[in-house]
Amino acid sequence: MRLVFLGPPGAGKGTQAAQVADRLGIPHIATGDMLRQEVAAATELGAEVQAIMERGDLVPDDLVTDMLLARVARPDAASGFILDGFPRTRAQAEALAEALGEESLTAVIYFDVAEDEIVRRISGRRSCPHGHVYHVEDHPPRAAGICDEDGEGLFRRDDDAEEVVRTRLSVYREQTSPLVDFYEGQSILRRLAGAGGRDAITARVLALLGQ
Ligand code: AP5
């Protein structure tokens, strides 16, 4: 299975990608997590993208595409993957299609979530440095402020501040939402109603994939 999870910021793509990847035994590849790791490790790429991410804009296509294609070429992705947060522009979608060649995407799952629910989800999100994600009301950790998986302290992402979320939503509408029509035109888009509990949505995703 070669899957893309597409949708606005805070729609639940990362939460579902982690659960579905686990069920299908394929890697969850999240460009946002990869870029945040570059920033945390103070690499050259991290230094280049930090300010862009902090203001909620998109990292240049060539940087993120090179990083993503190198990850997809690793042996653990040979039998499939879930891409979370990539592609986000038409140029990225075309570069991915060209790199995959005849092994084209199996499906693109589009997470359809109302904007007021997105704001509620993002404002309650807490993250750990290794990418585990919680919500203060819907999915709290067992001990407040501590990751259940690795004991790390949880934090609020800098780009989850209200004014940055507004920028991210408008960047999504302008640059990423046209990919819905792009993939619909290829008959591989599957629309998913993103409202509801985490496990119910995972069951919906698996059903859409015939699993
Ligand atoms: P990225 O990290 O990809 O951010 P995003 O797309 O804005 O998505 P989010 O991580 O905000 O949300 P999500 O849909 O994964 O939701 P989640 O599962 O966490 O990108 C960050 C930045 O990196 C970008 O702004 C850009 O600068 C750069 N970047 C990354 N990729 C790029 C690319 N390809 N090109 C250029 N730049 C790129 O859920 C959100 C919250 O809701 C959590 O608290 C969760 O617990 C809760 N929740 C989840 N599901 C449910 C549910 N069913 N019910 C209730 N609560 C729920």
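This is a predicted model: local features need pLDDT of at least 70, side-chain atom pairs count only at pLDDT 80 or more; totals for chains, interfaces and linings use all residues.

Reader: Which polar side-chain atom lies 2.6 Å from an oxygen atom of the ligand?

Author: That atom belongs to Arg168. The backbone takes part as well: a polar backbone atom of Gly12 is 3.0 Å from an oxygen atom of the ligand.

Reader: How much of the ligand's area does the protein bury?

Author: The ligand taken alone exposes 1000 Å², and 97% of that is buried by the protein.

Reader: How should I read the shell of residues around the ligand, and which of them come nearest?

Author: There are 35 residues around the ligand, and those that come nearest are Thr15, Asp57, Arg88, Arg125 and Arg168. By class, the shell divides into 12 nonpolar, 11 polar and 12 charged residues.

Reader: Which element gives the most to that shell?

Author: Helix α2 does, with 4 residues. At least two residues each are supplied by α1 (13-24), α2, α6 (115-123), β6 (133-135) and α9 (198-208).

Reader: How does one describe the packing of two helices?

Author: Two packed helices are described by the angle between their axes and by the distance between those axes. In the present case, the axes of α2 (residues 31-40) and α3 (residues 44-54) come within 8 Å and cross at roughly 115°. The crossing of α2 and α3 is left-handed.

Reader: Which residues of α2 and α3 meet there?

Author: From α2 come Gly32, Leu35, Arg36, Glu38 and Val39, which meet Leu45, Gly46, Val49, Gln50 and Met53 of α3. The residues of this contact comprise 5 nonpolar, 3 polar and 2 charged.

Reader: Is the peptide bond from Phe86 to Pro87 cis or trans?

Author: The bond from Phe86 to Pro87 is cis, and its omega is near 0°. Pro87 is situated in the loop between β3 (81-84) and α5 (90-100).

Definitions and conventions. Residues are numbered from 1 along each chain as its sequence is written. Side-chain values use heavy atoms; hydrogens and water are left out. Axes are lines fitted to C-alpha atoms, for helices over the stretch in contact, and angles run from 0 to 180 degrees between N-to-C directions. A crossing is left-handed if the near helix is turned anticlockwise from the far one by less than a right angle, and right-handed if clockwise. Contact means heavy atoms within 4.5 Å. Ala, Val, Leu, Ile, Met, Phe, Trp, Tyr, Cys and Pro count as nonpolar, Asp, Glu, Lys and Arg as charged, and the others, Gly among them, as polar. A residue is near a molecule or strand if one of its heavy atoms lies within 4 Å of it. A polar contact is a pair of N or O atoms within 3.5 Å; within protein, one must be able to donate a hydrogen and the other to accept it, and residues adjacent in sequence count only if both atoms are side-chain atoms. Accessible areas come from the Shrake-Rupley method with a 1.4 Å probe; for residues, only the protein chains shown count as cover.
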